[in-house]
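Student: I would like to learn how to read the inside of a protein model, one feature after another. Could we take a single structure and work through it together?

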Amino acid sequence: MANSSPIRYGKDFTQGTNATFSDLFLPVYGGEVLAAFEEMSVSKNIVRTMTMPSGVSMEFPMIHKMSAERHAAGTELLGTDIQTAKRTISIDERPLVAHFDLDDVDQAMAHYETRSEIAKQAGRAIAREMDKNVLQLCVKASRTATPANSDFDGGGYKADPSAALDGTAYELASGTGANNLPASATGAWNKNNALALLGAIEDIVVGFDQRDVPQEERFCVVPTDCWHRLRTIGVPESSADTSGLIGYYPFQDGTMPQRGPTEADASRAGVLSHLGVNIVRSNFLPNGSNITTGEQKYQGDFSKTRAIVLQKQAVGLLTLMGVQTETDRDVRRQTDFFVTKMLYGGGTLRPECAVEIAVS
């Protein structure tokens, strides 16, 4: 019996004898993974991201504020001193990977297209894990102590702008009343909790301004249920119920007309911003967990963490290998094997740009 000649529509014939059946499949698969990663990832937008061509670490200069002085007539200008130091950020030891194997028969029998959706899930899996790591780094940056014999600040919050930052969190008592945060990291946020969070953001913004933290690109990362509770502050839940009305609505969508206190209106605001701080929701904030596994840089007790406020310079994220995809045909198993990988690493750059909001 003669062999058939199936059309190998995935083969790139411009490669001549080096062509394989899947040459043209990879760009599509890789593109779907990258699109899903970009859509899913929150952390890449809230920290300083850099790409390194090779190596295991990069050093970043720390340069403290320079002083200025009046020039007295006739005196020689000799230059003023300025403190300098460096911070080192290292790449993780091994890449993050998502991988799957597709059987020929399963693909043939399926009444739906599988590769596209699974590729998206691979990209989202990488984005989720990276978000977890970066948010852990953000909280740990806020806990950085003040370096000894240095004018450089640590992280955290102090109401006194002249006090050295030593990694102290902005703490509130736990509970459901005024000026409280949820006792449990998995507990529901009520309107009192949401208002307490806004009050904390206001205090932190004042502290940032007093310490010359850049005013642009400030963020607050909160749990998803907290974000949605913030969204509805000041909005009655029904036309007959005004008992939950706080008295003001900080997140009114500018495209919507103002409504009276008895007119029910679930907020349609898609972006929340308070005093220049963009409030971002994430399911991967390390609140309520004590992480003791994995690389040391990501470990920590986050059981009291409820939110993190930061400016983009707080944490640096290095990428040695961006989101990459590989495919391989296993003839012996009659399967197609797919791997998505990324190699990165992060660390603290400017700890004074990060404040943890926690329960006491």
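Tutor: Let us begin with the lining of the largest cavity, whose residues divide into 5 nonpolar, 2 polar and 3 charged. Please keep in mind throughout that this is a predicted model.

Student: How is such a space found, and which residues line the largest cavity here?

Tutor: In general, rolling a probe the size of a water molecule over the atoms shows where empty space is left. In this structure the search finds 1 cavity of 30 Å³ or more, and the volume of the largest cavity is about 50 Å³. Its lining is made up of G156, Y157, K158, L165, I204, G207, F208, R211, E352 and V355, and α4 supplies the largest share of that lining, with 3 residues.

Student: Turning to the nonpolar core, how many residues does the largest one have, and which have the most contacts inside it?

Tutor: The general idea is that, in soluble globular proteins, nonpolar side chains tend to be buried together. Here the largest nonpolar core holds 67 residues, and L197, I201, L230, I279 and L310 are those with the most contacts inside it. Helix α3, spanning residues 115-142, gives the most to this core, namely 11 residues. Another core, of 9 residues, lies apart from it and includes M50, F60, I91 and L343.

Student: Which residues does L230 touch, if sequence neighbours up to four places away are not counted?

Tutor: Counted in that way, L230 touches A194, L197, L198, F251, L272 and I279.

Student: What should I look for in the backbone angle phi, and what is its value at D212?

Tutor: Most residues other than glycine have a negative phi, and most peptide bonds are trans. D212, however, has a positive phi, near 60 degrees, and is not a glycine; D212 sits in the loop between α4 (191-210) and β7 (218-222), where its relative accessible area of 48% makes it partly exposed. Q334 is another non-glycine residue with a positive phi, of about 55 degrees, and it is placed in the loop between β13 (315-330) and β14 (335-348). With 38% relative accessibility, Q334 also counts as partly exposed.

Note on methods: Residues numbered from 1 in each chain as written. Predicted model: local features only at pLDDT ≥ 70, side-chain atom pairs only at ≥ 80, totals over all residues. Heavy atoms only, no water. Core = buried A, V, L, I, M, F, W, Y, C linked by side-chain atoms within 4.5 Å. Buried < 20%, exposed > 50% of the residue type's maximum accessible area, 1.4 Å probe, protein only. Helix = DSSP H or I, 4+ residues; strand = E, 2+ residues; numbered from the N terminus. Contact = heavy atoms within 4.5 Å. 1 Å grid on protein atoms, 1.4 Å probe; cavity = no way out; pocket = protein on both sides within 12 Å on 5 of 7 lines; lining within 4 Å. Points joined across faces, edges and corners; volume = space filled by probe spheres on them. Nonpolar A, V, L, I, M, F, W, Y, C, P; charged D, E, K, R; others polar.
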